[in-house]
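Hi,

Here's the structure I promised to pass on.

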Amino acid sequence: MLSITNATKSFAGVFEPVLRDINISLREGEFCTVIGANGSGKSTLLKIISGEHRLDSGEICRNGDVSQVVQDVNKGTIPTMTMLENIAMSRMKTPRFSFYKRHRNEIIDKISSLNIGLERFIDQPLSVLSGGQRQTIATLMAMNSGRKILLLDEHTSALDPKMQRLLMEYTAKSVRELGLTTIMITHNMEDAIKYGNRLIMMHRGRIVTDLNGHEKSELKVQSLLEMFHKFEDQNLLHNGGGNVR
Amino acid sequence: MSVDLVLNGLQQGLILAVIAYGIMIPFRFLDFADLTADGAYPLGGTICAVCMSAGLYPATAIPISMVGAGIMGICTAVIYLKFRINSMLAGVILSTMAYSVNLRIMGKPNIALFDCGGFFNANIVANMLIITVLLASCIIPFAVFLRTDFGLRFRAVGLNPGLAKLQGISIKKYTILGLFIAGCMFGLAGSLIVQLQNYMDVGIGVGILIHGLASLMIGEAIIGNATLNRQLAAPLLGALVYQQVQGIALSLGLAPSDLKFFTGGIVLLVIALKRKEGKAL
């Protein structure tokens, strides 16, 4: 469904390549979590997959359209549009010259299935909702877009713990039901282990750990943290901390 | 202030509303500061005047003028998109060029149309009815369009271009479409004013942008633009109020030569009030 081969990406004025020799192949319906320190190349990887950035070298092959949920909810929704308009817009792969309100009942059913009472705001601008509620709508928009590849860039990181849990459970359930091929960036080690069937750790633009199946399911948070700190300590010894820019 | 002055103000206000809609469409729906009004409005008038003096029926001259000015809107969009020139600069360049184009089309700086007939006569109420019908025939379909799948995508382009791109919406296509519609509105206004005055002068467009902008801002200051219906009503209401305010100012003794200063003052006042309320322009 998605394959990246020997991908390399640099930015002007940055000493080291942001991505180096990245090789990933995801089957249809595979859910991959990506962890790594700030500046390790995680977000650039997602931007390469979404087509926002181009590769310097290497190949990328996507067998389906890409939808995305980003950390900043203002980028992922239109706050001045109503909830109905936002969701209706996201589901128009083939727009028609007919009224978007024809989707109203169907959209209300989708929102009701979240069981958090958001359907009463269907005709309100999204700006009246809290950040967590808006991010839930942004995720619902991505799930309902009809696209087969889903990219999640720390989409729960700005939310309170309860909302994080709710949104992660909704995300995992929808991804499973819809069979979406998913890449999720997170800094939450627990989520990285709990959700998905594959885990990738990135360090200074490279994939340093790639676990799936049995290896991933038996992984403990403590051992993942140790692995994470081992690479970061090496980084400190190598260049005194942070990225060389 | 006489009844005639009020009626004249309403008549002029309806034509100004057409311009205000042309300014609103790119400005509010595409987040595109389009300054082509100063060029597209006289271009519409020029095409209409030349068509009518060539013997074309006035009703035929109007759509031709609209398409001509609409093409100017497309040119602005293409310059902005292809050459990555700032939207305002693209509009100014095109408006400057349009002045020469208008002179070239007319062959002289002005054309009198007193013998060519036209839609309008001395009955102001009948004239207002005609302008209202023409305005409604443009705005009602546009309002319907905004409520379709395509209209929703059109609005998304201006409100969040990044998200629009992620949703697979072509920013280029919708920008070109929006500026074409805006150009058509300027063309309609130009051809209406020429038929109303029975006269076309190459300088009619000077400062028209600021009048249209003042109308839009007054309308938005009165009813706001929180909903689609309010946004769509604002240019009409603003233009009618603005023309009446001008009429009152003139009847109180303001010299016509001071009108542009007066208009600029109104725009500044509305901006200052909006800033005070914490709203953006």
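Keep in mind that this is a predicted model. Let's start with a pair of helices in chain B: α1(B), residues 3–29, and α5(B), residues 124–146, pack at an angle of about 15°, and their axes are 9 Å apart. Angles under 35 degrees count as roughly parallel, so α1(B) and α5(B) are roughly parallel to each other. Their crossing is left-handed.

Which residues of α1(B) and α5(B) make the contact? On the α1(B) side you'll find L7(B), N8(B), L10(B), Q11(B), L14(B), I15(B), A17(B), V18(B) and Y21(B). From α5(B) come I124(B), N127(B), M128(B), I131(B), T132(B), L135(B) and I139(B). Sorted by type, the residues of this contact are twelve nonpolar, four polar and no charged.

Now for where the two chains meet. The contact takes 14 residues from chain B and 18 residues from chain A. On the chain B side, the elements giving two or more residues are α6(B), 149–159, and α7(B), 161–166. The largest share, six residues, is from α6(B). This side of chain B splits into six nonpolar, five polar and three charged residues.

Finally, a word on confidence in chain A. Its average pLDDT is 85, with 94% of the residues scoring at least 70. Strand β7(A), residues 181–185, has the highest confidence in the chain, at 94, while helix α9(A), residues 221–239, has the lowest, at a mean of 71. Over residues 240–245 of chain A the pLDDT is below 50, and this stretch has eight contacts in the model beyond near neighbours in sequence.

Cheers

Conventions. Residues are numbered from 1 along each chain as its sequence is written. Chains are lettered from A and ligands numbered from 1 in the order in which they are written. This is a predicted model: local features need pLDDT of at least 70, side-chain atom pairs count only at pLDDT 80 or more; totals for chains, interfaces and linings use all residues. Axes are lines fitted to C-alpha atoms, for helices over the stretch in contact, and angles run from 0 to 180 degrees between N-to-C directions. Helices (H or I, at least four residues) and strands (E, at least two) are DSSP runs, numbered from the N terminus. Angles under 35 degrees count as roughly parallel, over 145 as roughly antiparallel, 65 to 115 as roughly perpendicular and the rest as oblique. A crossing is left-handed if the near helix is turned anticlockwise from the far one by less than a right angle, and right-handed if clockwise. Two residues are in contact if their C-beta atoms, placed from the backbone, lie within 7 Å. Ala, Val, Leu, Ile, Met, Phe, Trp, Tyr, Cys and Pro count as nonpolar, Asp, Glu, Lys and Arg as charged, and the others, Gly among them, as polar. pLDDT is the predictor's confidence in each residue, from 0 to 100.
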